[in-house]
Amino acid sequence: KELSAILVDPKGKVFLMDEEYKPFPIKSKYHADGSGGDLALGAMEAGASAEDAVKIAIKYDTACGGKIQVVKLG
C-alpha cells in the first residue's frame, strides 16, 4: 500500500495513512519515507537534522530531488 498522508493528532502522536486512510502509528524516534528514506534515516540516526537528512538523501539517491519544504510541529 502507498502512503497517502501523515497525521499528527492533538496529543502529538504521529500516524501514517495508507490509500484507504487506515492509520499506522509511528513509534520510532525518526521516520522517513520514499526512495531515499533509508539514507535519511541513517543520517538522522547519525545526528543530522531532518532537513539535512533530506539533503543527504538527495545527494546520494538519484530518484530524490526538488525543493525541500520544512514544516515545524510545535
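Is Y21 buried or exposed in this structure? Y21 is exposed, with a relative accessible area of 54%, where buried means under 20% relative accessible area, exposed over 50%, and partly exposed in between, computed with a 1.4 Å probe on protein chains only. The structure is a predicted model, in which local features need pLDDT of at least 70 and side-chain atom pairs count only at pLDDT 80 or more, while totals for chains, interfaces and linings use all residues. Residues are numbered from 1 along each chain as its sequence is written, and side-chain values use heavy atoms, with hydrogens and water left out.

The protein chain holds two helices and three strands, and from the N terminus on these elements follow the order β-β-β-α-α; helices (H or I, at least four residues) and strands (E, at least two) are DSSP runs, numbered from the N terminus. Taken along the principal axes, the C-alpha atoms fill a box of roughly 30 × 25 × 20 Å. Of the 74 residues in the protein chain, 18% are buried. The chain exposes about 5,900 Å², of which carbon and sulfur atoms supply 54%; accessible areas come from the Shrake-Rupley method with a 1.4 Å probe, and for residues only the protein chains shown count as cover. Among contacts between residues at least 6 apart in sequence, 10% join residues at least 24 apart, a contact being heavy atoms within 4.5 Å.

The strands come next. V8 is found in strand 1, which covers residues 3-8, and V8 counts as partly exposed because its relative accessible area is 37%. Together with I6, V71 and L73, V8 makes a nonpolar surface patch of about 410 Å²; patches are made of residues with over 30% relative accessible area and no salt bridge, with like charges joined within 9 Å and nonpolar side chains (Val, Leu, Ile, Met, Phe, Trp, Tyr) within 5 Å. V14 is found in strand 2 and is partly exposed, with a relative accessible area of 29%. Leaving aside its neighbours within four places in sequence, V14 is in contact with I6, L7, V8, F24, P25 and I26. P25, for its part, is found in strand 3, is partly exposed at a relative accessible area of 47%, and, with neighbours within four places in sequence again left aside, is in contact with V14 and F15.

At residue 18 of strand 2, which runs over residues 14-18, stands D18, a buried residue with a relative accessible area of 4%. A polar atom of the D18 side chain lies 3.0 Å from the backbone nitrogen of K22; a polar contact is a pair of N or O atoms within 3.5 Å, where within protein one must be able to donate a hydrogen and the other to accept it, and residues adjacent in sequence count only if both atoms are side-chain atoms. Y21 itself has its place in the loop between strand 2 and strand 3 (23-25), and its phi is near 60°, a positive value in a residue other than glycine.

Charged side chains are the next topic. Side chains of opposite charge can pair when their charged atoms come close. A search of the whole structure finds one salt bridge, defined as a side-chain nitrogen of Lys or Arg within 4 Å of a carboxyl oxygen of Asp or Glu. The side chains that meet in a salt bridge are those of D52 and K55, at 4.0 Å from N to O. Both residues lie in helix 2, three residues apart, about one turn of the helix. D52 counts as partly exposed at 37% relative accessibility, and K55 likewise counts as partly exposed at 43%.

D61, in the segment after helix 2 (50-60), is buried yet has no salt bridge, and the nearest side chain of opposite charge, K59, is 14 Å away; Lys and Arg count as positive and Asp and Glu as negative, while His and the chain ends are not counted. A polar atom of the D61 side chain lies 3.5 Å from the backbone nitrogen of G36. Apart from neighbours within four places in sequence, D61 is in contact with S35, G36 and L39. V14 and D61 are 47 residues apart in sequence and 26 Å apart in space, C-alpha to C-alpha.
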